[in-house]
Amino acid sequence: MSSPSPSPSASDTCTSRHFSWLMKSCFTNPQHPHLPSPLSSIIAAAAGTTTITISSLPDDLLLECLSRVPYSTLPSLPAVCRRWAHLVNSPSFQLLRLRHHNVFHTLFSISISNSALFTATRRFDRGGEPAWKVSTFVPSVEDNGGLGSGYGFSLMSHFRLVSIGRKIYIIGRAAMMRCDTWTGILVPKAAMNLPRKKFAVAAVEGKILVAGGYARSSAVEEYDPDENAWRVVTEAPRRRYGCIGASADGVFYVIGGLKIGGNDGSGCASRAAGAEAAHVYASSMDLYDVAARGWLRSRAVPGGGCVVAACATSGDVYILSSHAVEISFWKFNAARKSGSFGDWSRIKSPPVPAQVRLDNTVRFSCVGVGGKVVLVQVVGCIDDLLRRSGRTERGVKEGLVLVYDCAEGEWSRAADMPEVIRRAACVSVEC
């Protein structure tokens with residue numbers, strides 16, 4: 001009895017990609033007459049008259065090759081030629097890198113001066129290096145209208161960060177810039193319609209939403225990257241200042257902050273009523289359903305307190321709240337289709353010195369990076385607080401970085417932020 005024939009391997013079958021290569025090898029593409037036919041090149045190479053080069057490959061095969069290069073090589077790819085630059089910026093390139101597991105959640109910490117923009121990056125997965133990598137973004141001479149390398153830096157005070165794919169948007173009061181984390185190129189984009197300061201921002205379904213930070217309006221703006229334009233989409237139920245933005249499951253969260261403006265019609269309210277309203281703002285969050293264009297019921301952090309940092313990751317919203325004598329850390333279930341949507345859970349607080357809980361000169365940024373929550377000290381010096389309280393211990397200066405593993409429920413300390421990165425904003429990027 002003859003043995004059954006082995007099943008054909010993937011390389012032996014005719015997939016859509018192989019068929020596309022076959023068609024391109026048989027018919028010349030009139031838009032790329034300079035590219036030789038792959039089949040004719042192979043025949044010519046067999047005859048010893050020419051050599052096959054990577055440039056002779058059709059786009060789909062070239063994308064397969066380029067998508068496998070290491071992250072450190074990506075900035076040099078667009079400089080090879082216009083064709084490579086076009087392929088690197090295509091959606092297919094991002095999808096292929098995702099398929100080959102070459103895209104990772106990376107934390108970017110950005111610090112801006114009047115003439116320079118510094119970044120510190122680090123991966124927090126098992127394959128990531130424990131040290132921070134410091135670099136700079138280069139303004140694009142082609143896209144900034146010849147305004148010079150310092151264009152926009154002086155306009156980025158109190159900036160916020162948000163990422164869409166591999167690109168970071170740096171949003172200031174009067175300007176916005178986009179950073180390409182693969183190429184290192186920095187280009188200016190349309191500024192917000194309102195000059196906001198200390199506002200909430202998040203990316204939802206490929207769009208950027210901002211709220212708060214402006215005393216004379218409660219408008220919520222949305223930015224479309226394809227159109228490079230802002231528009232007002234709704235009015236916020238509360239006019240906040242110093243608030244924090246997050247997004248999960250199609251919802252834009254506007255968290256914490258102070259009350260500004262007079263949109264509540266309570267100009268003659270007593271001091272007690274004003275203090276109560278301030279407390280409500282500082283410990284609550286408003287939820288905006290982007291698809292339905294409507295506001296959901298507002299939620300309050302259990303136990304009150306003042307929200308000092310917040311982020312979203314793995315379908316949950318994490319909030320760090322400061323009280324008179326302690327710091328609490330909370331998880332809000334943001335999965336709308338689950339039966340436990342809206343449930344709060346108190347989880348293990350970060351291991352920071354007790355003096356930090358009583359001094360607002362030390363500030364933290366909270367970022368969701370994959371399945372972890374990273375708490376980064378961006379303002380203040382903890383050693384100064386310890387010195388004023390009579391303690392002589394050292395080693396907790398600026399740039400403290402703590403990592404919470406959402407699966408294990410434990411905190412750990414990572415390498416401190418590099419000294420060149422100060423008063424930074426942080427964001428997680430898939431790159």
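Val220 stands opposite Thr234, a residue of strand S12. This pair belongs to a predicted model, and the strands concerned are S11 (residues 219-224) and S12 (residues 229-235), which run antiparallel and are joined by 6 bridges. The two strands form a hairpin with 4 residues between them, and in the turn Asn228 has a positive phi of about 50°.

**The protein as a whole**

- The protein contains 7 helices and 28 strands.
- Of its 431 residues, 46% are buried.
- Among contacts with a separation of 6 or more, 52% are between residues 24 or more positions apart.
- The protein exposes about 21500 Å², and carbon and sulfur atoms supply 54% of this area.

- Strand S14 (residues 244-248) is mostly covered, since 4 of its 5 residues are buried.
- S14 pairs with strand S15 (residues 251-255) in the antiparallel sense, over 5 bridges.
- The hairpin formed by S14 and S15 has 2 residues between the strands, and Asp249 in the turn has a positive phi of about 55°.

- Ala202 is placed in strand S9 (residues 200-204).
- Is Ala202 buried or exposed? Its relative accessibility is 5%, so Ala202 counts as buried, because the term applies under 20%.
- Leaving out residues up to four places away in sequence, Ala202 touches Val162, Lys207, Ile208, Leu209, Gly245, Ala246, Ser247 and Phe252.
- Ala202 and Arg160 are 42 residues apart in sequence, and their C-alpha atoms are 9.5 Å apart in space.
- Val162 lies in strand S5 (residues 160-164), and Val162 is buried, with a relative accessible area of 5%.
- Not counting residues up to four places away in sequence, the residues that Val162 touches are Lys167, Ile168, Tyr169, Ile171, Val201, Ala202, Ala203, Ile208 and Val427.
- Between Val162 and Leu209 there is a sequence separation of 47 residues, and the C-alpha to C-alpha distance is 9.6 Å.

**The largest nonpolar core**

- Which residues have the most contacts inside the largest nonpolar core? They are Leu77, Phe93, Ile110, Phe159, Leu161, Ile168 and Ile170, in a core of 29 residues.
- The helices that give two or more residues to this core are H3 (59-66), H4 (82-88) and H5 (91-99), and the strands that do so are S1 (105-112), S6 (167-171), S7 (176-180) and S28 (425-430).
- Leu161 is in contact with Ile110, Ile168, Tyr169, Ile170, Val201, Ala425, Cys426 and Val427, when its neighbours within four places in sequence are left aside.

- Phe93, Gln94, Leu96 and Arg97 are the buried residues of H5.
- Why do the buried residues of H5 line one face of the helix? Seen down the axis of H5, they fall within an arc of 165°, and they therefore line one face.
- On the face of H5 turned away from its buried side are the exposed residues Pro91, Leu95 and Arg99.
- H3, H4 and S28 are the elements against which the buried residues of H5 pack.
- After H5 comes His101, which has a positive phi, near 60°.

**An open sheet of 4 strands**

- The sheet has the strand order S3-S2-S1-S28, and its pairing is antiparallel.
- At the edges stand S3 (133-136) and S28, each with a single partner strand, so one side of each has no neighbour in the sheet.
- From one strand to the next, the twist averages 30°.
- Over 7 bridges, S1 pairs with strand S2 (residues 117-123) in the antiparallel sense.
- What is the bridge partner of Thr106 in S2? The partner is Arg123.

Key
Residues numbered from 1 in each chain as written. Predicted model: local features only at pLDDT ≥ 70, side-chain atom pairs only at ≥ 80, totals over all residues. Heavy atoms only, no water. Core = buried A, V, L, I, M, F, W, Y, C linked by side-chain atoms within 4.5 Å. Buried < 20%, exposed > 50% of the residue type's maximum accessible area, 1.4 Å probe, protein only. Contact = heavy atoms within 4.5 Å. Arc of directions from axis to C-beta. Pairing = 2+ DSSP bridges. Axes fitted to C-alpha atoms, helices over the stretch in contact; angles between N-to-C directions. Areas by Shrake-Rupley, 256 points an atom, 1.4 Å probe, with all protein chains shown as cover.
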